[in-house]
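Student: I would like to learn how to read a protein model, beginning with a single residue and ending with the whole chain. Could you take me through it step by step?

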Amino acid sequence: KINELTSENNVFVQETHKELLKFAKDKNDSNEVACIVNMLENKRTNFVKGERHGVDVDSDPDVYHLLRTAKPRSLILCHNHPGLTDFSANDIGVFMRHDTIKTMTIVTNQGDVRYISKGEHFDYNGAVELMRECQEKYSDNINKCIDLFLKKCYSVGIQRG
């Protein structure tokens, strides 16, 4: 359950995660797959196939268009991570770069769900500065940089679960 979403949105996202994992398993060798959920309509885009360690959501014209034209913070980007990994640097970049994305979820192939969500007081410039500070501290280790960012992201209005 994602606190920032309505109960209807939560049920829709849960069903989307199930469909996403099945699609990844059956049609993409359990590699990464993504889709966008429009929270205002509880509709989702088609699934976008990715590789083992990434999916380019901009490669699908419908997703590309929706990310750039939807209302601010009206979308949820759902994707899987075949391993048990947390958010990647690329995930966080996509999340921060698109004002239309309110929430990003990861569902692992074991069904665990993680999310980051832009809260009411999300501070984009503060988030960019926090990432810069994390990169300075751990310039030699991107995983430690991301871990630190995720530990401190609440300070810039990002909820995490």
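**Reading residues and the whole fold**

Tutor: Let us begin with contacts, bearing in mind that this is a predicted model. Once neighbours within four places in sequence are left aside, Tyr 138 is in contact with Lys 144, Cys 145 and Leu 148.

Student: Where does Tyr 138 lie among the helices?

Tutor: Tyr 138 is in the loop that runs between helix H4 (124-137) and helix H5 (142-152). One of its contacts is Leu 148, and although Tyr 138 and Leu 148 are 10 residues apart in sequence, their C-alpha atoms are 9.0 Å apart in space.

Student: How should I read accessibility, and what does Tyr 138 count as?

Tutor: The general idea is a scale with two cut-offs, where buried means under 20% relative accessible area and exposed means over 50%, with partly exposed in between. Tyr 138 has 25% relative accessibility, so it counts as partly exposed.

Student: Is Ser 74 buried or exposed?

Tutor: Ser 74 counts as buried because its relative accessibility is 4%. Its place is in the loop between helix H2 (61-69) and strand E4 (75-81).

Student: Which backbone oxygen does the side chain of Ser 74 reach, and which residues is Ser 74 in contact with beyond its neighbours in sequence?

Tutor: The side chain of Ser 74 reaches the backbone oxygen of Lys 71, at 2.7 Å. Apart from neighbours within four places in sequence, the residues in contact with Ser 74 are Val 37, Asn 38, Met 39, Leu 40 and Thr 100.

Student: Turning to the whole chain, how many helices and strands does the protein have, and in what order do the elements run?

Tutor: The protein has five helices and seven strands, and from the N terminus on the order is α-β-β-β-α-β-α-β-β-α-α-β. The radius of gyration is 15 Å, close to the 15 Å given by the globule rule for 161 residues, so the protein is as compact as a globular protein of that length. Along the principal axes, its C-alpha trace spans about 40 × 30 × 30 Å.

Student: What share of the residues is buried, and what share of the contacts joins residues 24 or more positions apart?

Tutor: Buried residues make up 48% of the 161 residues, while among contacts with a separation of 6 or more, 59% come from residues 24 or more positions apart.

Notes: Residues numbered from 1 in each chain as written. Predicted model: local features only at pLDDT ≥ 70, side-chain atom pairs only at ≥ 80, totals over all residues. Heavy atoms only, no water. Helix = DSSP H or I, 4+ residues; strand = E, 2+ residues; numbered from the N terminus. Rg over C-alpha atoms; globule rule 2.2 N^0.38 Å. Buried < 20%, exposed > 50% of the residue type's maximum accessible area, 1.4 Å probe, protein only. Contact = heavy atoms within 4.5 Å. Polar contact = N/O pair within 3.5 Å; in protein donor to acceptor, adjacent residues only side chain to side chain.
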